[in-house]
Amino acid sequence: METWFYEVISIEGDYANLKRTDIETSDLKLVARALLPPEITEGSRLKYEMLQYSLIS
């Protein structure tokens, strides 16, 4: 399985906009907050691996 890295760009209600940081792209990914760690804030960095998001420092 691949591992991808994201940054939380914005939080809008029950959804968050994520931007990949491991590749060069301007696309945002809209993800339901229920799938994300509850303690995320704008600027949080996430790792997506094995169908799960986790907060990284």
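Reply: W4 stands opposite Y48 in β4. The model is predicted, so local features need pLDDT of at least 70 and side-chain atom pairs count only at pLDDT 80 or more, while totals for chains, interfaces and linings use all residues. Residues are numbered from 1 along each chain as its sequence is written, and side-chain values use heavy atoms, with hydrogens and water left out.

Me: What makes β1 and β4 paired strands?

Reply: Strands are DSSP runs of E with at least two residues, numbered from the N terminus. Two strands pair if DSSP finds at least two bridges between them. Five bridges join β1 (residues 3-12) to β4, and the two run antiparallel; therefore they meet the definition of a pair. Besides W4 with Y48, F5 stands opposite K47 in β4.

Me: What joins β1 to β2?

Reply: Six bridges join these antiparallel strands, and the bridge partner of E12 in β2 is Y15. β1 and β2 form a hairpin with two residues between them, where G13 in the turn has a positive phi of about 65°.

Me: Why are β3 and β5 said to stand at the edges?

Reply: Five strands form an open sheet in the order β3-β2-β1-β4-β5, with antiparallel pairing. β3 (28-32) and β5 (52-56) each have a single partner strand, so one side of each is left without a neighbour in the sheet. Neighbouring strands of this sheet are turned by 40° against each other on average, direction ignored (axes are lines fitted to C-alpha atoms, for helices over the stretch in contact, and angles run from 0 to 180 degrees between N-to-C directions).

Me: Why is N17 called buried?

Reply: Buried means under 20% relative accessible area, exposed over 50%, and partly exposed in between (1.4 Å probe, protein chains only). N17, in strand β2 (residues 15-20), has a relative accessible area of 12%, so N17 is buried.

Me: What is I9 called, then, and why?

Reply: I9 lies in strand β1. Its relative accessibility is 34%, so I9 counts as partly exposed.

Me: Which residues is I9 in contact with?

Reply: Contact means heavy atoms within 4.5 Å. Leaving aside neighbours within four places in sequence, I9 is in contact with N17, L18, K19, L28 and E42.

Me: Which residues form the largest nonpolar core?

Reply: A nonpolar core is a set of buried Ala, Val, Leu, Ile, Met, Phe, Trp, Tyr and Cys residues joined through side-chain atoms within 4.5 Å. The largest has ten residues: Y6, V8, A16, L18, V31, L36, I40, L46, Y48 and Y53. The elements that give two or more residues to this core are β1, β2 and β4.

Conventions. Helix = DSSP H or I, 4+ residues; strand = E, 2+ residues; numbered from the N terminus.
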